[in-house]
Amino acid sequence: MDEDLKAVALWVPPAGEHTAWQEYTGNTMLSKTEFDDRMTAMISELQSQNLIVIKVNWTVSRMMDELAAAGLENTVDNRAAVIAGYTGEDDED
């Protein structure tokens with residue numbers, strides 16, 4: 001693992017977006033429960049390595065917009081790239 005890595009950003013769509021997430025990502029093999037279980041396990045593992053986990057709660061529509069703004073196609077690597085660049089500073093929360 002990169003010794004300089006201090007934080008990891010993960011896309012965690014809102015609860016009501018699981019079906020839309022499945023369609024958009026093409027990952028129809030994970031039920032909502034399986035997705036949640038895997039996400040929880042991944043977060044626990046990352047935290048056990050003293051990493052800060054940033055949950056990016058974007059809707060599928062927001063992810064589509066972010067990829068389009070970056071001129072990127074919908075791929076696993078490109079979704080990870082836009083999430084990795086997320087700072088939260090432009091959100092209106």
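Asparagine 50 is exposed, with a relative accessible area of 70%, where exposed stands for over 50% relative accessible area, buried for under 20% and partly exposed for values in between, computed with a 1.4 Å probe on protein chains only. This asparagine lies in the loop between α2 and β2 (52-56), and its phi is near 60°, a positive value in a residue other than glycine. Helices (H or I, at least four residues) and strands (E, at least two) are DSSP runs, numbered from the N terminus. The model is a predicted one, in which local features need pLDDT of at least 70 and side-chain atom pairs count only at pLDDT 80 or more, whereas totals for chains, interfaces and linings use all residues. Residues are numbered from 1 along each chain as its sequence is written, and side-chain values use heavy atoms, with hydrogens and water left out.

The protein chain has four helices and two strands, which follow one another from the N terminus in the order β-α-α-β-α-α. Of the 93 residues in the protein chain, 29% are buried. The accessible surface of the chain comes to about 6,300 Å², and carbon and sulfur atoms hold 49% of this area, as computed by the Shrake-Rupley method with a 1.4 Å probe, only the protein chains shown counting as cover for residues. Among the contacts (heavy atoms within 4.5 Å) with a separation of 6 or more, 66% join residues 24 or more positions apart.

Helix α1 (residues 18-25) contains the buried residues His18, Trp21, Gln22, Tyr24 and Thr25. The buried residues of α1 pack against β1 (7-11), α2 (32-48), α3 (60-70) and α4. Just after α1, glycine 26 takes a positive phi of about 80°.

Arginine 79 is buried yet has no salt bridge, and the nearest side chain of opposite charge, that of aspartate 77, is 8.6 Å away.

In one of them the side chains of aspartate 36 and lysine 32 meet at 2.8 Å, N to O; both residues lie in helix α2, four residues apart, about one turn of the helix. Aspartate 36 is partly exposed, with a relative accessible area of 30%, and lysine 32 is likewise partly exposed, at 27%. Glutamate 66 forms a salt bridge with arginine 62, with the closest N and O atoms 2.7 Å apart, and these two residues, both in helix α3, are also four residues apart. Glutamate 66 counts as partly exposed at 23% relative accessibility, as does arginine 62 at 22%. An α-helix has 3.6 residues a turn, so residues three or four places apart point the same way.

Leucine 46, found in helix α2, is buried, with a relative accessible area of 13%. Beyond the residues up to four places away in sequence, leucine 46 touches Val8, Leu10, Leu51 and Val53. Leucine 46 and alanine 7 are 39 residues apart in sequence, while their C-alpha atoms are 8.8 Å apart in space.

Grid points are joined across faces, edges and corners, and a volume is the space filled by probe spheres set on the points. The search of the whole structure finds one cavity of 30 Å³ or more. The largest cavity has a volume of about 40 Å³ and is lined by Pro13, Pro14, Glu17, His18, Trp21, Lys32 and Phe35, with α1 and α2 being the elements that give two or more residues to this lining. The largest pocket holds about 400 Å³ of space. Its lining comprises 16 residues, of which Trp11, Trp21, Phe35, Met39 and Met42 lie nearest the centre of the pocket, and β1, α1, α2 and α4 each supply at least two residues of the lining.

Key: Lys, Arg positive; Asp, Glu negative; His and termini not counted. Salt bridge = Lys/Arg side-chain N within 4 Å of Asp/Glu carboxyl O. 1 Å grid on protein atoms, 1.4 Å probe; cavity = no way out; pocket = protein on both sides within 12 Å on 5 of 7 lines; lining within 4 Å.
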